[in-house]
Amino acid sequence: MPDATGLELLAGELREQDSDSVQDTEFFRERAALHIPPKAIKAVLEFLRGKGFTFLASVHGLDYYPEEPRLGVQYELLDMTALDRITVKLRVPTDDAHVDSVTPEWPTADHQEREIYDMFGVIFDGHPDLRRILMPEDYEGFPQRRDFPIGGEPVLFTKDAAFGEDYTQ
């Protein structure tokens, strides 16, 4: 992974290309991260690809409730030659949870973006097939958000069916 100095050098190069491309850097527990605005995601990932980070290992959704902007998306990139790793982090508000899809350039993001959409409600603009992947199409809400009601749905078990009871009673 880039050390703290290497991270700042990468951020400096990105800022030379676009002064608004990097909001902050983070080097914590030997992990390097760039905090960027959502509009910069494609340019930043392409820049990092040019620096050797050619493998998009994973894309994660996060909920920072009660903070705003509340929803986060993290991209984990690997440089397989130098054995480096870098995280690119961005955040979007719940009322405008839109991020450009990176699936056309990074095919491994396809199902991961769909999962984030399904679980958190982040909309990936330009995704070739953005629809629910884990929950039924008619499901309401986003189960991984921190304000999602806990308790599950009633399930009728055979032994209780005769009494009209389920596990919540």
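**Briefing on the predicted fold**

L34 touches L7, A11, L14, V22, D24, T25, V44, L48, I86, T87, V88 and K89, leaving aside residues up to four places away in sequence, where a contact means heavy atoms within 4.5 Å. This is a predicted model, in which local features need pLDDT of at least 70 and side-chain atom pairs count only at pLDDT 80 or more, while totals for chains, interfaces and linings use all residues. Residues are numbered from 1 along each chain as its sequence is written, and side-chain values use heavy atoms, with hydrogens and water left out.

**Overall make-up**

- The chain holds four helices and seven strands, taken as DSSP runs (helices H or I of at least four residues, strands E of at least two) and numbered from the N terminus.
- From the N terminus on, these elements follow the order α-β-β-α-β-β-β-β-α-β-α.
- Of the 169 residues, 38% count as buried, a term that means under 20% relative accessible area, with exposed meaning over 50% and partly exposed in between (1.4 Å probe, protein chains only).

**Nonpolar core**

- In the largest nonpolar core, which has 35 residues, L34, L48 and Y75 touch the most other members; such a core is a set of buried Ala, Val, Leu, Ile, Met, Phe, Trp, Tyr and Cys residues joined through side-chain atoms within 4.5 Å.
- The elements giving two or more residues to this core are α1 (4-17), β2 (31-35), α2 (41-50), β3 (55-63), β4 (71-79), β5 (84-92) and α3 (109-120), and α2 gives the most, with five residues.

**Sheet**

- Five strands form an open sheet in the order β1-β2-β5-β4-β3, with mixed pairing, where two strands pair if DSSP finds at least two bridges between them.
- β1 (24-28) and β3 stand at the edges with a single partner strand each, so one side of each is left without a neighbour in the sheet.
- The twist from one strand to the next averages 20°.
- β3 and β4 run antiparallel and are joined by eight bridges, with L62 standing opposite G72 in β4.
- β1 and β2 also run antiparallel, joined by five bridges, and F27 stands opposite A32 in β2.

**Helices against the sheet**

- α1 lies across β1, β2 and β5, running at about 165° to β1, whereas α3 lies across β3 and β4, running at about 5° to β3; axes are lines fitted to C-alpha atoms, for helices over the stretch in contact, and angles run from 0 to 180 degrees between N-to-C directions.
- Among the buried residues of α3 are A109, I116, M119 and F120, and the cover over the buried residues of this helix includes β3, β4, β6 (98-100) and β7 (123-125).
- Just after α3, G121 takes a positive phi of about 90°.

**Loops and backbone exceptions**

- Most residues other than glycine have a negative phi, and most peptide bonds are trans.
- In the loop between β3 and β4 lies P66, and the peptide bond from Y65 to P66 is cis, with omega near 10°.
- P69 also has its place in the loop between β3 and β4, and the peptide bond from E68 to P69 is cis, with omega near -10°.
- E30, in the loop between β1 and β2, has a positive phi near 65° and is exposed, with a relative accessible area of 57%.
- L83, in the loop between β4 and β5, has a positive phi of about 55° although it is not a glycine, and L83 is exposed, with a relative accessible area of 69%.
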